[in-house]
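Me: I would like to learn how to read a few features of a structure. Please take them one at a time.

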Amino acid sequence: MGPGSHRLSLSFSVSSLGLLLLLPLLPECFGAEGRLAHKLFRDLFANYTSALRPVADTDQALNVTLEVTLSQIIDMDERNQVLTLYLWIRQEWTDAYLRWDPDAYGGLDAIRIPSSLVWRPDIILYNKADAQAPASASTNVVLRHDGAVRWDAPAITRSSCRVDVSAFPFDAQRCGLTFGSWTHSGHQLDVQPRGAAASLADFVENVEWRVLGMPARRRVLTYGCCSEPYPDVTFTLLLRRRAAAYVCNLLLPCVLISLLAPLAFHLPADSGEKVSLGVTVLLALTVFQLLLAESMPPAESVPLIGKYYMATMTMVTFSTALTILIMNLHYCGPSARPVPAWARALLLGRLARGLCVRERGESCGQSRPPESAPSPQPPDREAGPPAGPCREPRCLCHQEALLRHVATITNTFHRHRAAQRCHEDWKRLARVMDRFFLGIFFSMALVMSLLVLVQAL
């Protein structure tokens, strides 16, 4: 063992001896600080009362600084229009009767005492929506030697908030929290905000609402009950709804259903499913409308998604009614009247070429020319005897009965062909109307869906 180790052991022994000598003095030091705090407390509160406003001059207004920190949005009840928040509220003021010289108490410059022992400003939330007592009565205050009092207290507030759901689910809300003294006027107590807005440093993000800010504004109002001015501080919470869940659960299904509804015009009339599709889509939209009505408050302003539902249901109702009318055109029997001339020229002519509705074998843009039924010609008795081996006129009398039967068969065939062409014209007119209303209603559904979805961007 060298000389270095001897010096190290010697220094360690000296240090240990010093600690052993100082150990009995440590309780005396801490005990002295505790005794000084007790002495200070007895001296301060010997003749102190928390019932009176702590100012040296009663004509002087006491300044109170208010600071609010938003911690969490607990609930936004749109139906009852109540906003529940978790706040940290800090109030600072100066108590003229709670001052001391730190040198007289061993350098003690601040103590923490229960808030019920000192005077506290009666600042409350004006627009609260419940009758529960605030949960901040049991916290302590920090008292400094110059009389400055700082009171930090958490509070769960339920405030009334006017909710406007006209743009739901892409709505933004403004909820104000107004703090002020309940009994002291501005001549006795003046409230000032600390900073231009509430603090959001410790805010816990909400899954439904995004906080845009919480600016503070001081007002001085005169109420009808009193002539003195009453100052207050209003913190306006700016919220915007996160619409992703509503878009996926309520909006996108309605958009897909609304785009499916015009396809009823594309179904063949012989399938028998054209009206069934429209009625099914209408029932599905009714179910989504009921789901929306359960979550929305009863208000005069209809939400944006509610307007979209009503417009889509109106469109589906009209499309179903038009489908029934078009099916009546399609199933016009042989006894129906021919297609009017204006409809033949406008609908079966120009509109059919424009919509590319063609018969089998026709090219797009080429329509079938209207055919007129040829009128049968009766046999001419004065034409003389027909050419043949028989040259006598009496041979015609043997053929008159046969010619009459042939003319009857020919007329019947032509009438059948004319009725068949009339029926085909009505069926073609129904196809033209189907194609026309398919484009109109599909365009309407697409435009309405884009106008609603663009709000989410």
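Me: Are cysteine 161 and cysteine 175 buried or exposed?
Reply: This is a predicted model, and in it cysteine 161 and cysteine 175 are both buried.

Me: What joins cysteine 161 to cysteine 175?
Reply: A disulfide is a covalent bond between the sulfur atoms of two cysteines. Here a disulfide joins cysteine 161 to cysteine 175, with an S to S distance of 1.9 Å. Cysteine 161 sits in the loop between β6 and β7, and cysteine 175 in strand β7. The two are 14 residues apart, and the pair links distant parts of the chain.

Me: How many disulfides does the count come to?
Reply: The count comes to one disulfide.

Me: What is the hand of the disulfide between cysteine 161 and cysteine 175?
Reply: The torsion about the S-S bond is about -70°, so this disulfide is left-handed.

Me: Is cysteine 248 buried or exposed, by its relative accessibility?
Reply: Cysteine 248 has a relative accessibility of 52% and so counts as exposed. Cysteine 254, at 0%, counts as buried.

Me: Where does cysteine 254 make contact?
Reply: Helix α3 (residues 244-260) packs against α4 at an angle of about 165°, with the axes 10 Å apart. α3 and α4 are therefore roughly antiparallel to each other. Cys254 is one of the α3 residues in that contact, along with Asn249, Leu250, Pro253, Ile257 and Leu260. On the α4 side are Leu277, Val281, Ala284, Leu285, Phe288 and Leu292. By class, the contact has 11 nonpolar residues, one polar and no charged.

Me: How do the axes of α4 and α5 lie?
Reply: Over 145 degrees, two axes count as roughly antiparallel. The axes of α4 (residues 274-295) and α5 (residues 304-330) cross at roughly 165° and come within 9 Å. α4 and α5 are therefore roughly antiparallel to each other. α4 passes α5 in a left-handed crossing. Residues in this contact include Val281, Leu285, Phe288 and Leu292 of α4, and Tyr309, Met313, Val316 and Ile324 of α5. By class, there are 13 nonpolar, eight polar and one charged residues.

Me: Which strand holds serine 159, and what does this residue touch?
Reply: Serine 159 lies in strand β6 (residues 148-160). Its relative accessible area is 1%, so serine 159 is buried. Leaving out residues up to four places away in sequence, serine 159 touches Gln81, Val82, Leu83, Leu125, Asn127, Lys128, Ala129 and Leu177.

Conventions:
Residues numbered from 1 in each chain as written. Predicted model: local features only at pLDDT ≥ 70, side-chain atom pairs only at ≥ 80, totals over all residues. Heavy atoms only, no water. Axes fitted to C-alpha atoms, helices over the stretch in contact; angles between N-to-C directions. Helix = DSSP H or I, 4+ residues; strand = E, 2+ residues; numbered from the N terminus. Parallel < 35°, antiparallel > 145°, perpendicular 65-115°, else oblique. Left-handed = near helix turned anticlockwise from the far one by under 90°. Contact = heavy atoms within 4.5 Å. Nonpolar A, V, L, I, M, F, W, Y, C, P; charged D, E, K, R; others polar. Buried < 20%, exposed > 50% of the residue type's maximum accessible area, 1.4 Å probe, protein only. Disulfide = S-S within 2.5 Å.
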